[in-house]
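Here is a short tour of one part of a protein model. Please have a look at the sequence and the structure first, and then read on.

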Amino acid sequence: MAKPIVLIAEELSPATLEALGPDFEVRNCDGANRSELLAALSAGVDAVLIRSATKMDDEAIVAAKGLKVIARAGVGLDNVDIAAATAAGVMVVNAPTSNIVSAAELAISLLLASARFITPAHAALKNGKWARSKYTGAELFEKTLGIVGFGRIGQLVASRMQAFGMEIVAYDPYLQPARAAQLGVRLVTLDELLTHSDFITIHLPKTKETANLIGEAALKKVKPSVRIINAARGGVLDEVALHKAITEGRVAGAGLDVFATEPCTDSPLFQLDQVVATPHLGASTDEAQERAGIAVAVSVRKALSGELVPDAVNVKGGAIDEDIRPSLPLVEKLSQVATAIAGELPVSIAIEVKGDISGHDCSVLATSAIKGALLATGAEDVTYVNAPNIAEERGLTATVTTNAESPEFRSMITLHASFADGKFVDVHGTLMGIRKVEKIIAIDGFDLDLPPTSHMLFLRYGDRPGIVGIVGNTLGKANINIAGMQVARSSEGGEALMAITVDSSIPTEMIALVKKETGSNSVTSVSLLG
């Protein structure tokens, strides 16, 4: 079998190739050379690894027939058309945590350099001037640092600056105060942060809501001694308003690594001694680049082996909690079983998550259920990326609810599949023990203890003696080996459900024969895919 082809379009660390391993055919091209890139993509590749110079737009994605993954060895994705990739069923992954230490350290470097006039003092000395008295700076000790955006990078900055004896306050409308309190940080409003901070550092993405968040109005609220650092995204801090505030003496200084338009080589801010600036160096360390390459190489391996990739940016559900990930394949299998039993695609799937795992974000399980239902009805090339779009085209919806109560199991999942004719199928599952062993624990009210396997057979019939023997004899004659068998019934002589796991697929004619020999109401063969 031919190895999957991975195209490396920009220079990446040797550790990236090591992380990919020997299971891929690796090709190289210059992604910044448009004609070379399109030719390499058109030759057929399964994955492409890029950095910032390669533009994976609609044209490139269309050219790359069979492309499954675009992997950006870094954080930003401005050079990837995510909408076009999603429409084509191409997973887009990046390395969102690869540069957080480097970015935090650069923000701190800018803060220190701004506080002590490192850049102009250095330049003066190199030009033969001993300007000691001109560059009197400010200590950090017992000063207040305001962090605008208290995510992973903001939290790293906070922990490091606490060692300088700084009081830390933060503004983040999405963070719980209890989490901030655990880190020794007080959450405040943006106005309070602006008013009380001696230093301000920005750690927000640029969105419609955050564009020019620190602008003319905000800069009228700050102390005249404040120094403002932006090593996050250009455009969150209004550069025109900042220049005006510094020249008018309303802001003491600034440290900038990012700009509204990049590359930026000519800004009035660069003429000010109070400003220290760098050319977007936040992720520019050997360590960050190596971490990014390794991270996306691992993601490519997972994606091409059919696993869900937590760092995929165009998979519904976003980042997936470690406690939820084992439930993804279980829900996919529950959905396949329900769909196969009904013999048609559901119109809706309702998933209820109970017990311990209900406290986590379980929304991605809806995508898992959709993928399972589509696979069970013969859909091809279904992935976590394109499953929601295919489901929408076919009129299938899925929802997830949670319930902290789970009397019988630490955690369990109920999948309720509804069909166009009004019928429904309920399948319940759980993960058992420390190894998270998958179990189907009930189907339509019949209790089971069934590990889902590649090939299963389900019979519904009226409870009576001899059925087990008939089924075993019929399958044995066809050389189909039974791995396990369970029988559940509503009552003696009532309706019964037989669940059988077998070692091979069961031909269609054999299903019909089992139904005839047993007089069953229904016989369903399930071959799990994915």
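What is the order of the four strands in the open sheet? The order is β20-β21-β19-β22, and the pairing is antiparallel. At the edges are β20 and β22 (522-527), each pairing on one side only. From one strand to the next, the twist averages 15 degrees. Between the antiparallel strands β19 and β22 there are six bridges, and His 455 stands opposite Ser 527 of β22. Strands pair here if DSSP finds at least two bridges between them.

This is a predicted model, in which local features need pLDDT of at least 70, side-chain atom pairs count only at pLDDT 80 or more, and totals for chains, interfaces and linings use all residues. Residues are numbered from 1 along each chain as its sequence is written, and side-chain values use heavy atoms, leaving out hydrogens and water.

| Helix | Strands | Angle to β22 |
|---|---|---|
| α13 (residues 327-342) | β19 and β22 | about 145 degrees |
| α17 | β19 and β22 | about 150 degrees |

Angles run from 0 to 180 degrees between N-to-C directions.

Now to helix α16 (residues 467-477), where Ile 467, Val 471, Thr 474 and Leu 475 are buried, that is, under 20% relative accessible area with a 1.4 Å probe, protein chains only. These residues lie on the same side of α16 because they cover an arc of only 90 degrees around the axis. They pack against β19 (455-462), β20 (482-489), β21 (495-502) and α17 (508-518), with contact meaning heavy atoms within 4.5 Å. After α16 comes Asn 479, which has a positive phi, near 60 degrees.

Technical notes: Buried means under 20% relative accessible area, exposed over 50%, partly exposed in between (1.4 Å probe, protein chains only). Helices (H or I, at least four residues) and strands (E, at least two) are DSSP runs, numbered from the N terminus. The arc is that of the directions from the helix axis to the C-beta atoms.
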